[in-house]
Amino acid sequence: MSEGDRQPYVGRPLRRTEDPKLVTGRGQYVDDIKMPGLAHLAFLRSPHAHARVIALRTDAARRAPGVLRVVTAGDLGPLGPLPFMAMLPGLKHVRCPYLAGPVVDSTGVPVAAVVAESAALARDAAELIEVEYEPLPPIADPERGLQPDAPLSHPELGTNQAFSWPLKGGDVEEAFARAARVVKVRLDHGRLAGVPMEPRGVLARYDAGSDELTLWLTTQNPFLSRADLAAVLGFPEHKLRVIAPDVGGGFGVKGPLYREEIVAAALARQLERPVRWISTRTEDFLTTIQARAAVSEAEGALTAEGELLGIRGKTIFDLGAHLLGLSLVPPMSHSTHIFGPYRVQNAELLSLGVYTNTAPTGPYRGSGRPVGVYLIERLMDEAARAAGLDPVEIRRRNFIPPDAFPHRTPFGVSYDSGNYARAMDRVMELADYQRLRRDQAAARERGEIFGIGVAAYVESTNVLGWESGVVRVERSGKVTAVTGSSPHGQGHETTFAQIIADQLGVAHEDVIVRHGDTLGAPQSIGTFGSRSAGLGGNALAQAAAEVREKGRRLAARLLEASPDDLQLGRGGFQVKGVPEKVVGWDRVGEFAHRGMGLPPEEKPGLEATVFFRQDQPSWSFGAGLAVVRVDGDTGEVRVERFVAVDDCGNAINPLLIDGQIVGGFAQGLGQTMLERIVYGEDGQLLTGTFMEYAIPRADDMPDLVVDRTVTPSPLNPLGVKGVGEGSACVAPPAIVNAVVDALAPFGVTHVDMPLTAEKIWRAIQRR
Ligand code: MCN
């Protein structure tokens, strides 16, 4: 076959090659690793949201069977501060202690740690530690936290406000002065937990002989974790190895370095024994970053025709008690997403961050994007209602047209490409919107409560500028690739092999993709922000292309032909027009690695390392439509149907893209219908198990119709945009808009998530 007529792998819906192992119990998660001499770590955690530690008695725990070490804050040795991205001006913060010192500032904060011969013995001993607390006034509600008489989560700061970050662009005053009408919304975004199937865990091993430290971590970012750990421990980065083995989901919450990981590493060094800690589900609810946790107020200035002239808004973010690595990212990315796919050019936004005595917050599927998308999409529906326009029509009137790219938002952010009307048109077509509206009118005649809601979104993807990849054709002609990205459910082994196989003309099964180990991989950033396909994929594509061109030169030498006369065939090169003159990658690999007979200008080896750089994000987009029915007697909402049309540029693997859409939708559905982390006024977590924190199950899923449009990104050679978060962004506003539409005859104009039966029933009764 010639270069032109090979069937490319990119674009094919291949099944995931990593799955057979995972679904037959052969995965290797942190908790599965067997190691001689393994010791186990457990924590005693604060039952108080805010308290002074008066006394701490560890004698009984030290004497308990199987106990190797009991430590409190002072026993950890000198440790540096936890690094985090401090990107906001005037930020106030306190140092996050790894084991609590004289004060505990949220429930679940580790106060002491026990290492023992088994996990059960460690837990039993931890319970023998006696702590005397003097309760201090807690603050659990960020809005209350901003009032002058509020208790202070960190009295030494003199305020609960961590930052106040104003943004302004265009002429907002003029836009509002010119407006024919102004609409307002107040939105509670709820507080969510990421709850990946595998809770967090760490195994740390110190090798005293080589003075090297290795951590197996449930992380999305081995290199960032390593850099942060090196800084905290004061340990040389090059002697520190972080391995992400199989990781059972992350959704953003396995992004930062956590204190349990630091304590495990410090203790493995002290004891010179491997130490493992695995979180229970309740520990995960208490300590792993939570998300959204925001309240917004916004207003939109509209012309009589429904053109959105300007936006003014304020969002208060609950940061919890401490900042972890990427805690400031959600407030920042919410601000870049409040314009959605709309032309609006005048805006003013104030983001406030507030400390409370609760778990830390940070990125979780969407990482601030869903807050921005929800804000603009609820505002759009409110605008449609006020203007008497169809919600689809008002969006159409405001979409950025396809010929207006690159587009700049009032906050100076550039969108690379898009065709927003086309995605919405496709939704309309798949949903048969006009018929749906007729069905709704008929349903209302029959006294049924039936609603239709739409939403559109844009999503910044391929974020943080660069990613790395290595491609090597081995001596045998088989291909080893190493990606800097670190999948934990996304299927990179499958999709990256598709990209490489096409570049080299080899079979998909002849490519192995390795990841998640700082040893033997180039420096990298990691997997979040829907960045891996775009950045990691392009790094590997370019590395493979470099290897291919070197291979072509070596093949030409073997075939005694000119490189220009060679074409890539199945598994190697062929002289154009001479089908019998072929050489496979096995011979080229052998030639390159044996080294003998190589032309003087060629170095031995057949591999390339590429750091691919893309300075601006690529903006994915899409639209969704929800059909809901409400039971008037019980208030129960049933999402009957959801149509999702997403655009992530060129598709590498449509099957995996669909999987991302379905998974992201399920999480958006959970946020909208079921999930909410609740703290009492006393700072106690009231949703610490799956009995109180409800996540969607298979039978909660509606009939979900998934489709795509394709608008390539001009910013990378593969034309790829990311797809990991969009459907988690679009589901909440589309479903809430549908429920508000259903309840319009009852005069309801807004209901906060989650849309529980009780809340809806009360809204109906208020008529
Ligand atoms: N893909 C594709 N073609 C495209 C874009 C993406 O075939 N044009 C494929 C990719 O090759 C990859 C998957 O879709 O297999 C997701 O790619 P991408 O959008 O680049 O996102 P990342 O791989 O960087 O993954 C991060 C993203 C985020 S931000 C969250 S949160 C999330 C998500 O992925 N967490 C997940 N999906 C998840 N899926 C699982 N199973 N578990 C998680 O924790």
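**Entry 1: the model and its domains**

I noted at the start that this is a predicted model. I then looked up the domain assignment. It gives domain 1 as 19-26 + 464-613. Domain 2 is 33-136 + 197-249 + 254-287. Domain 3 is 368-405 + 417-461 + 618-765. I checked how domain 1 sits against domain 2. Their C-alpha centres lie 39 Å apart. The contact takes 18 residues from domain 1 and 18 residues from domain 2.

**Entry 2: the shell around the ligand**

I turned to the ligand next. There are 30 residues around the ligand. Which of them come nearest? I found Q490, H492, S532, Q660 and V723. By class, I counted 10 nonpolar, 16 polar and 4 charged residues in the shell.

Which domains supply the shell with at least three residues each? I found domain 1 and domain 3. I also sorted the shell by helix. Helices α14 (492-504), α15 (532-559) and α17 (654-673) each supply at least two residues. Of these, α17 gives the most to the shell, with 3 residues.

**Entry 3: polar atoms at the ligand**

A ligand oxygen is 2.6 Å from an N or O atom in the side chain of H492. A ligand nitrogen is 2.8 Å from a polar backbone atom of N650. A nitrogen atom of the ligand is also 3.3 Å from an N or O atom in the side chain of R365. How much of the ligand's area does the protein bury? Taken alone, the ligand exposes 830 Å², and the protein buries 95% of that.

I moved to R45, which is in strand β1 (residues 39-45). Is R45 buried or exposed? I recorded R45 as buried, because its relative accessible area is 13%, under the 20% limit. I looked for polar partners of its side chain. A polar atom of the R45 side chain lies 2.9 Å from the backbone oxygen of G108. The side chains of R45 and E260 are joined by a polar contact of 3.1 Å.

I listed the contacts of R45 beyond four places in sequence. Among them are V109, P110, V111 and Y133. W277, E283 and T287 are also in contact with R45.

I then read the pair from the other side. E260 is in helix α7 (residues 259-271). Its relative accessible area is 1%, so E260 counts as buried. Beyond four places in sequence, E260 is in contact with L41, F43, R45, R200, V202, W277 and T287.

**Entry 4: A304**

I wanted an exposed residue for the record. A304 is found in the loop between β15 (294-302) and β16 (308-320). I put A304 down as exposed because its relative accessibility is 52%, over the 50% limit. What does A304 touch, not counting residues up to four places away in sequence? I found A180 and R181. A304 and R181 are 123 residues apart along the chain. Their C-alpha atoms are separated by 7.2 Å.

**Entry 5: backbone geometry**

I searched for cis peptide bonds and noted two cases. The bond from F405 to P406 is cis, with omega near -5°. P406 lies in the loop between α11 (391-398) and β18 (407-408). A cis peptide bond also joins M753 and P754, and omega is about -10°. P754 lies in the loop between α18 (726-742) and α19 (757-765).

I also looked at positive phi values. V195 is not a glycine, yet has a positive phi of about 35°. V195 is in the loop between β9 (191-193) and β10 (201-207). V195 is buried, because its relative accessible area is 17%. E272 is not a glycine either, and has a positive phi of about 50°. E272 lies in the loop between α7 and β13 (275-278).

How values were computed:
Residues numbered from 1 in each chain as written. Predicted model: local features only at pLDDT ≥ 70, side-chain atom pairs only at ≥ 80, totals over all residues. Heavy atoms only, no water. Near = heavy atom within 4 Å. Polar contact = N/O pair within 3.5 Å; in protein donor to acceptor, adjacent residues only side chain to side chain. Areas by Shrake-Rupley, 256 points an atom, 1.4 Å probe, with all protein chains shown as cover. Helix = DSSP H or I, 4+ residues; strand = E, 2+ residues; numbered from the N terminus. Nonpolar A, V, L, I, M, F, W, Y, C, P; charged D, E, K, R; others polar. Domains from an automatic or database assignment. Buried < 20%, exposed > 50% of the residue type's maximum accessible area, 1.4 Å probe, protein only. Contact = heavy atoms within 4.5 Å.
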